[in-house]
Amino acid sequence: MIKLSSSTWHQQDPTVKDEQRTAGGAVREALVTYLRREWPNSVDVDAHVAAPGASAENFLEACTSLQYEGLIMYEALLLGVGSSPKLLAAALTRKGQSVALQKLSMR
């Protein structure tokens, strides 16, 4: 799997427990890995498909932080429309693909 750290603001938040940081990082990795398999196409992504067992909170944080960092893009983030959050037309950006490839080459 690709190792991507959680966003800086999340790491510095004293109210966030270590388990949440670890889970958030795992969800980021799962989401990037899922989108990398589909790259360069955009896809709709259900949280329970891309990151099985992830909490909705961790999935939302992963989506927003990855987008904020310019690693993924998506048309919409849907909440409360099913059993889990959903991204519409999500894709890795060129920057996201580059970072994913760098992480894989460092193995």
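The exercises below concern a predicted model of a protein chain.

**Exercise 1.** Describe the secondary structure of the protein chain and its order along the sequence.

Solution. Begin with the count: the chain has five helices and four strands. Then read along the sequence, where the pattern is α-α-β-α-α-β-β-β-α.

**Exercise 2.** Which residues of the largest nonpolar core touch the most other members, and which element gives the most to this core?

Solution. The largest nonpolar core holds 22 residues, and L31, L35, V45, F59, I72 and L87 touch the most other members. Next, list the elements that give two or more residues to this core: α2 (18–38), β1 (43–46), α3 (47–50), α4 (56–68) and β4. Of the elements, α2 gives the most, with six residues. As background, nonpolar side chains in soluble globular proteins tend to be buried together.

Leaving out residues up to four places away in sequence, V45 touches L31, Y34, L35, A50, F59, P85, K86, L87 and A90.

**Exercise 3.** Is L79 buried or exposed, and where does L79 lie?

Solution. First locate the residue: L79 is in the loop between β3 (76–78) and β4 (86–92). Its relative accessibility is 53%. The cut-off for exposed is over 50%, so L79 counts as exposed. Beyond its neighbours within four places in sequence, L79 is in contact with L60 and P85. Finally, compare sequence with space: L79 and A56 are 23 residues apart in sequence, and their C-alpha atoms are 9.0 Å apart.

**Exercise 4.** What share of the protein chain counts as buried?

Solution. The chain has 107 residues, and 39% of them count as buried.

Technical notes: Residues numbered from 1 in each chain as written. Predicted model: local features only at pLDDT ≥ 70, side-chain atom pairs only at ≥ 80, totals over all residues. Heavy atoms only, no water. Buried < 20%, exposed > 50% of the residue type's maximum accessible area, 1.4 Å probe, protein only. Contact = heavy atoms within 4.5 Å. Core = buried A, V, L, I, M, F, W, Y, C linked by side-chain atoms within 4.5 Å.
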